[in-house]
Amino acid sequence: MVYDLADLPQTLVGPVSAGLDWVNTREDRDYELTGLADLELDIDVAEPFELSLILCDGETCAARRIAFTPSQPGYSKSGFSMTQVPDTEPDIPALLDPPEGLRSGWVDEQLAKFEFILLLYYRGRW
């Protein structure tokens with residue numbers, strides 16, 4: 001399930017913002033946070049935890065599962081050390097949109113098979 005950012009508990013605002021900055025720096029992207037998947041609303045940020053960030057940059061949307069570990073005071077600006085968690089069987093694929101250039105080929109292929117197609121786009125999935 002994907003949660004809207006309006007449902008985000010105040011205790012998670014800092015970690016989520018830090019996670020977004022970490023991913024953008026690490027991947028040299030300009031993602032914006034569009035949602036969180038599989039969010040447990042009662043996360044204790046004093047203990048290690050994981051969040052699934054749904055990110056979009058205007059062309060591509062992606063899901064990144066980030067592990068947060070509280071760090072020693074002064075160790076990091078955000079107060080957490082972060083690592084990306086590889087999904088062995090992800091519920092939400094890492095890339096939520098076909099890579100640039102493949103989409104038009106797929107649409108043409110489908111139109112050759114069918115009289116019409118209907119594309120639905122919701123939070124980076126179609």
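Is F49 buried or exposed, and what is its relative accessible area? F49 is buried, with a relative accessible area of 8%. The legends below refer to a predicted model and begin with the overall fold.

**Figure 1. Overall arrangement of the predicted model.** The protein comprises 2 helices and 5 strands, arranged along the sequence in the pattern β-α-β-β-β-β-α. Of its 126 residues, 33% count as buried. Contacts between residues at least 6 apart in sequence join residues at least 24 apart in 54% of cases. The protein exposes about 8,300 Å², of which carbon and sulfur atoms supply 53%.

**Figure 2. Close-up of the aromatic pair F49 and F80.** The structure holds 3 aromatic pairs. One of them is formed by F49 and F80 in an edge-to-face arrangement, with 5.8 Å from centre to centre and 85° between the planes. F49 lies in strand β3 (residues 49-56) and F80 in strand β5 (residues 80-84), so the pair ties together parts of the chain that are 31 residues apart in sequence. The relative accessible area of F49 is 8%, and that of F80 is 10%. Because buried means under 20% relative accessible area, F49 qualifies as buried, and F80 does as well.

Figure 3. Together, F49, F68 and F80 form one aromatic cluster.

**Figure 4. Close-up of helix α1 and its buried residues.** Helix α1 spans residues 10-27. This helix has 18 residues and reaches 27 Å from its first C-alpha to its last, close to the 26 Å expected at 1.5 Å a residue. Its buried residues are L12, P15, V16, A18, G19, L20, V23 and N24. An α-helix has 3.6 residues a turn, so residues three or four places apart point the same way. Strands β2, β3, β4 and β5 are included in what covers the buried residues of α1. After the helix comes D28, which has a positive phi, near 50°.

Figure 5. N24 is found in helix α1 and is buried, with a relative accessible area of 13%. A polar atom of the N24 side chain lies 2.7 Å from the backbone nitrogen of Y31. With its neighbours within four places in sequence left aside, N24 is in contact with R29, D30 and Y31.

Figure 6. L41 is placed in the loop that runs between β2 (32-37) and β3. This residue is partly exposed, with a relative accessible area of 47%. Apart from neighbours within four places in sequence, L41 is in contact with D7 and P9. The C-alpha atoms of L41 and T11 are separated by 9.7 Å, and the two residues are 30 residues apart along the chain.

Note on methods. Residues are numbered from 1 along each chain as its sequence is written. This is a predicted model: local features need pLDDT of at least 70, side-chain atom pairs count only at pLDDT 80 or more; totals for chains, interfaces and linings use all residues. Side-chain values use heavy atoms; hydrogens and water are left out. Helices (H or I, at least four residues) and strands (E, at least two) are DSSP runs, numbered from the N terminus. Buried means under 20% relative accessible area, exposed over 50%, partly exposed in between (1.4 Å probe, protein chains only). Contact means heavy atoms within 4.5 Å. Accessible areas come from the Shrake-Rupley method with a 1.4 Å probe; for residues, only the protein chains shown count as cover. Rings of Phe, Tyr and Trp (its six-membered ring) pair if their centres lie within 6.5 Å; planes under 30 degrees apart count as stacked, over 60 as edge-to-face and the rest as tilted. A polar contact is a pair of N or O atoms within 3.5 Å; within protein, one must be able to donate a hydrogen and the other to accept it, and residues adjacent in sequence count only if both atoms are side-chain atoms. The expected span of a helix is 1.5 Å times one less than its number of residues.
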